[in-house]
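Subject: Structure handover

Hello,

Here is the structure we discussed, with its sequence. My notes on it follow below.

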Amino acid sequence: MGVKRPWLTWVLVAGLVGVFAGARVFDGVAILDTVLVVAGVAAVGGATALRFIAWRGAAEDARGMEAVFMLGYAGCALALVGFVPATDFGVNLLGLEFEATRPELRFKRFFLVTSLMLLICSVLPVLAAQWAVSKGGSARAAQVDTVRVRQTAGGALSTSLLALSLIFIGYLTTEFNRSANFSYFKTSTAGESVRQIVLNMEEPLRAALFYPEVNEVKDELLVYLNDLARTTGKVVIEEYDRFIDLEAAREWRAGGQGSLYLGRGDDAKESIYLGLDIDEARATLRVLDSHVHEKLLLLMRERRVVYLTTGHGELNDPLALEDPGAGPRPDPGEYYGPQLPLQELRAGLRVLNYDVVDLGVANGLGDAVPEDAAMLMMIGPQRPFHEAELDAVRRYLDGGGSLLLALESSSQFTLDGLSDYLAFDFEPAMTIHDQQHLRSQSPSLADRRLVVTQRFTTHPSVTTAARQSTLGMHLVGPGSFRWRDTIPGITTMAVIDSEVDSYADLNGNFTYDRDTEERGSYVLGVAVEREEESGAAGDGAEAGMRVLAVGDAEIVTDQALRAFVLNQLFVMDAVRWLDREEQFIGDIVSEEDVPVLHTKEENVVWFYAIIFGAPAALLALGLGMVFARRKPGAAEPKARSS
């Protein structure tokens with residue numbers, strides 16, 4: 001039967017491919033997914049029935065060979081049945097109800113994994129047996145040796161079990177969470193931002209090293225400084241020993257060995273201490289570029305102030321959402337201690353040479369934004385601003401101020417009070433994507449709000465993000481912006497777009513509803529600018545206002561800034577653009593280890609590459625060895641001449 005009807009195997013394989021395509025590839029495509037699944041199941045069921053009939057009617061010498069096919073076909077059919085409880089349709093069909101998501105997830109995973117194991121252990125032996133039958137000749141030739149067919153199928157079964165054992169090993173290593181660090185040490189190189197700062201300096205940068213003549217830390221510093229000197233041509237490197245070059249030590253005010261000093265002219269000097277021991281200096285050397293960047297900004301200009309609004313439930317002031325009747329509100333400094341909210345954002349602003357001050361009604365926001373404000377930030381306000389606060393913000397913008405506005409989809413804050421400045425409205429519905437999102441430790445539909453985008457425009461505020469777009473920016477359920485009528489004298493430009501096929505989840509069910517929701521690319525970030533001549537917007541004003549609005553405040557949370565490099569780069573470039581320092585825009589190089597994160601689409605690729613790719617490669621290797629052994633004439637000894 002295996003010789004006379006090999007097409008049954010290909011019907012079986014086609015049926016399995018049809019079920020997979022309908023359930024995974026074309027899932028959600030009306031009619032087509034159902035047609036593929038039904039046709040695939042019918043093909044597998046029909047092929048299994050015909051194979052059973054062939055086994056029952058086979059001659060005694062061929063019955064053992066037919067049994068191999070019959071068992072393989074039955075295993076494939078049983079695997080399809082086992083897949084049913086792993087789907088929402090199967091759970092509903094069985095009438096099962098779960099009190100929580102986790103037990104339901106475990107139930108589905110059990111049937112999914114078990115069925116997949118059975119399918120692998122069934123289909124590979126069938127394909128191997130069919131190959132053995134095809135190599136045994138035709139109907140006119142001798143009967144195929146049943147033992148050889150069984151051995152070939154047994155070898156394929158062994159390959160299947162080996163692949164499954166690798167899967168179990170991977171699962172165990174994940175569950176026990178054991179890891180080993182084989183990373184190598186590397187000093188960061190000079191980034192583009194540092195190079196731009198040095199190039200914009202009026203005089204060369206002096207870099208003085210106070211180290212012994214032979215020292216590993218000094219050697220690493222010289223690698224960094226020589227690269228910066230070569231690319232800019234404006235760095236003078238000086239090497240001193242603190243205990244020998246006493247005059248240089250007095251000039252640089254060097255108190256000991258193990259420091260790098262940076263200077264501009266004779267007076268402005270800053271230092272970075274690394275120490276003499278290479279093991280102790282490794283951590284600082286990995287992020288040396290950020291330390292140099294911070295010190296260069298101190299040399300270039302005075303420290304400026306960034307004000308974060310408070311009193312409306314912002315991410316930097318969640319206390320504002322507490323029950324007003326609960327008594328007097330505690331001072332944030334006393335409540336949180338030294339670890340105020342948004343520590344990563346505050347640290348990043350300090351690196352960029354800014355002081356960070358919280359600003360609310362209690363300390364002047366109801367009257368005016370302080371004159372020393374380099375920019376104002378509203379990070380996720382949950383409540384509307386009072387009219388007096390809005391008046392202060394409007395006066396600040398009229399005077400050429402800069403505003404970073406990070407909104408939240410669940411907020412009651414609206415843009416109505418700033419409509420004279422912003423030519424767009426905010427859509428609070430979360431913009432989500434079925435594929436371009438991250439997966440949490442407990443996967444669910446809600447993961448679709450953990451969107452990742454790689455789409456940026458050419459605006460200066462996203463210069464570095466656009467260059468590094470393959471890393472992906474992470475947002476959590478961002479709202480989107482819709483254009484209104486243009487405002488004379490004000491330029492508005494989209495800076496961040498969602499991935500294609502995103503949609504605004506209007507009803508909050510994390511599922512695309514084709515009747516009410518529309519797929520497309522949504523605007524997630526907008527830059528607003530009004531340029532004015534000196535004095536046009538008030539005494540001493542040199543430039544018009546600048547506003548940068550994003551649809552998600554969680555891009556600046558501690559977790560996001562620690563885990564996602566592109567979020568860090570966006571914040572840095574946004575701050576520089578708002579403060580009119582576009583000439584310093586560029587990346588800061590770091591050699592710190594960062595977690596590798598994949599979107600759901602990338603995880604799917606890796607999953608199928610491991611599940612099918614590794615066994616397929618092993619099977620191909622085995623078949624190649626078999627072909628090599630069976631090559632005609634390869635093993636025949638030469639006839640001896642008499």
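Predicted model: local features only at pLDDT ≥ 70, side-chain atom pairs only at ≥ 80, totals over all residues.

Overall figures

The protein chain has 642 residues, of which 45% count as buried. Taking contacts between residues at least 6 apart in sequence, 71% join residues at least 24 apart.

In soluble globular proteins, nonpolar side chains tend to be buried together. In this model the largest nonpolar core has 102 residues, and Leu274 and Phe570 are the ones with the most contacts inside it. Helix H17, residues 565–578, contributes the largest share of this core, with nine residues.

What does Leu274 touch, leaving aside its neighbours within four places in sequence? Its contacts are Tyr211, Val217, Leu221, Gly258, Leu260, Ala281, Thr284, Leu285 and Leu288.

Strand S3 and its partners

Strand S3 covers residues 259–264, and five of its six residues are buried. It pairs with two strands that I looked at. With strand S1 (residues 205–210), S3 forms five bridges in the antiparallel sense; here Ala207 stands opposite Leu262 of S3. With strand S4 (residues 268–273), S3 forms six bridges, again antiparallel. In that pairing, Tyr261 has Ser271 in S4 as its bridge partner.

A three-stranded sheet

There is also an open sheet of three strands in the order S10-S16-S17, with antiparallel pairing. Strand S10 (430–432) and strand S17 (519–520) are at the edges and have a single partner strand each, so one side of each lacks a neighbour in the sheet. S10 is joined to strand S16 (residues 502–505) by three bridges, and the two run antiparallel. Thr431 has Ala504 in S16 as its bridge partner.

Cavities

How many cavities of 30 Å³ or more does a search of the whole structure find? The search finds three. The largest cavity holds about 60 Å³ of space. Thr431, already mentioned as the bridge partner of Ala504, is one of the residues lining the largest cavity. The rest of the lining consists of His433, Gln436, Val451, Val452, Thr453, Leu475, Ser498, Glu499, Ser502 and Leu524. Strand S11, residues 450–453, gives the most to this lining, with three residues.

Gln412

Gln412 is in the loop between strand S8 (402–406) and strand S9 (424–427). Is Gln412 buried or exposed? Its relative accessibility is 58%, and residues over 50% count as exposed, so Gln412 is exposed. Not counting residues up to four places away in sequence, Gln412 touches Gln382 and Pro384. Pro381 is 31 residues from Gln412 in sequence, while their C-alpha atoms are 8.1 Å apart in space.

Regards

Methods
Residues numbered from 1 in each chain as written. Heavy atoms only, no water. Helix = DSSP H or I, 4+ residues; strand = E, 2+ residues; numbered from the N terminus. Buried < 20%, exposed > 50% of the residue type's maximum accessible area, 1.4 Å probe, protein only. Contact = heavy atoms within 4.5 Å. Core = buried A, V, L, I, M, F, W, Y, C linked by side-chain atoms within 4.5 Å. Pairing = 2+ DSSP bridges. 1 Å grid on protein atoms, 1.4 Å probe; cavity = no way out; pocket = protein on both sides within 12 Å on 5 of 7 lines; lining within 4 Å. Points joined across faces, edges and corners; volume = space filled by probe spheres on them.
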